[in-house]
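Q: Hi! I've just opened this one and would like to go through it with you. Can you start with a side chain you like?

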Amino acid sequence: MDDAHPTDDDPWTALAGDWAAAWGGFAAPARAALLDAAGVGPGTRLLDVGCGTGELLADAAARGAVVAGADLAPGMVARSLAAAPGADVRVADAEDLPWPDGALDVVAAVNVLHLADDPAAAAAEAARVLVPGGVLAVCGWAERDRCALDAVEAALAADDGEEVDPESPLRSEGPVRALLAGAGLAVEHVALVEVPWTAADDDALVRGLLLGEDAAGLAGRGPVVVAAAAPFRRPDGSYRFRNAFRLVVARRPG
Ligand SMILES: C[S@@+](CC[C@H](N)C(=O)[O-])C[C@H]1O[C@@H](n2cnc3c(N)ncnc32)[C@H](O)[C@@H]1O
């Protein structure tokens with residue numbers, strides 16, 4: 001697997017292998033809820049925007065869907081192609097999808113819209129490639145007070161002497177609804193989905209939560225992570241954090 005050639009514009013290619021190991025499986029309950037709510041089955045033409053390491057593509061293909069993926073990071077695209085052989089996976093920006101108008105029945109975006117430079121433009125682009133009557137299903141982190149992992153983020157910020165970044169508006173239901181309505185879509189379904197994140201031991205905990213840090217960063221900040229994670233440590237030395245994603249499914253008018 002070639003995860004090389006990172007650039008400043010593409011931090012994700014360099015992270016692809018570690019992302020797959022620490023985070024690739026964690027959103028599985030959200031993926032299943034999304035595929036159910038969007039009615040994905042045999043023959044559904046599905047595009048996963050920000051497809052990462054391809055788990056949703058593989059799950060959708062297993063249901064008989066005809067799957068396509070888009071991701072800015074070539075390293076992520078390579079992993080998606082390995083996860084879902086035969087999928088049409090392209091290096092592409094969510095705001096400029098290389099698919100024609102009305103080409104897809106379902107567009108999915110999991111844990112990605114908040115990363116777009118212009119989430120409204122990404123939502124409008126997803127709506128453009130949907131067939132009339134098709135659905136856009138977006139899923140991402142819910143409010144901080146629903147996500148135990150944010151305790152670690154707060155501890156890291158405090159250790160750095162910094163304020164925690166303001167909560168993204170897209171972690172709340174209203175702004176996501178407004179975003180999809182602004183793209184001309186009608187919201188049909190909203191649900192919270194539990195997405196627990198687990199780590200087998202201290203090493204997996206630190207590597208997962210300090211994704212992308214070099215050896216010095218892991219050594220320096222690892223103890224902060226371990227201390228902040230203490231309430232989530234289990235007797236066998238593993239960790240489990242309860243978190244929630246919010247799934248919102250909206251339909252393009254027919
Ligand atoms: C947090 S990961 C989520 C990956 C996957 N959807 C999942 O749930 O496991 C975000 C992914 O979105 C990609 N990404 C970030 N910004 C993007 C954009 N503007 N257009 C397309 N992909 C983007 C990254 O390269 C990365 O693979």
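A: Happy to! The side chain of N243 reaches the backbone nitrogen of A148 at 3.2 Å, a polar contact, meaning a pair of N or O atoms within 3.5 Å; within protein, one must be able to donate a hydrogen and the other to accept it, and residues adjacent in sequence count only if both atoms are side-chain atoms. Bear in mind that this is a predicted model, where local features need pLDDT of at least 70 and side-chain atom pairs pLDDT 80 or more, while totals for chains, interfaces and linings use all residues. Numbering runs from 1 along each chain as its sequence is written, and side-chain values use heavy atoms, without hydrogens or water.

Q: Where is N243 found?

A: In the loop between strand 8 (239-241) and strand 9 (244-251). Strands (E, at least two residues) and helices (H or I, at least four) are DSSP runs numbered from the N terminus.

Q: And is N243 buried or exposed?

A: N243 counts as buried because its relative accessibility is 2%; buried is under 20% relative accessible area, exposed over 50%, partly exposed in between (1.4 Å probe, protein chains only).

Q: What does N243 touch?

A: Leaving out residues up to four places away in sequence, its contacts include W141, R146, V193 and W197, with contact meaning heavy atoms within 4.5 Å.

Q: Switching to the ligand, which residues come nearest?

A: G50, D71, D93, A94 and V110, out of 15 residues around the ligand; near means a heavy atom within 4 Å.

Q: Which polar backbone atom is 2.7 Å from a ligand nitrogen?

A: One of G50. A polar backbone atom of A94 is 2.8 Å from a nitrogen atom of the ligand. The protein buries 94% of the 600 Å² that the ligand exposes when taken alone, by the Shrake-Rupley method with a 1.4 Å probe.

Q: OK, helix 3 next. Which of its residues are buried?

A: In helix 3 (residues 55-62), they are L56, L57 and A60. They fall within an arc of 100° seen down the helix axis, so they line one face; the arc is that of the directions from the axis to the C-beta atoms.

Q: What covers them?

A: Among the elements covering those buried residues are helix 2 (28-37), strand 1 (45-49) and helix 4 (74-83).

Q: Last one: where is T13?

A: T13 is in helix 1 (residues 11-23). T13 is buried, at a relative accessible area of 1%, and a polar atom of its side chain lies 2.8 Å from the backbone nitrogen of G75.
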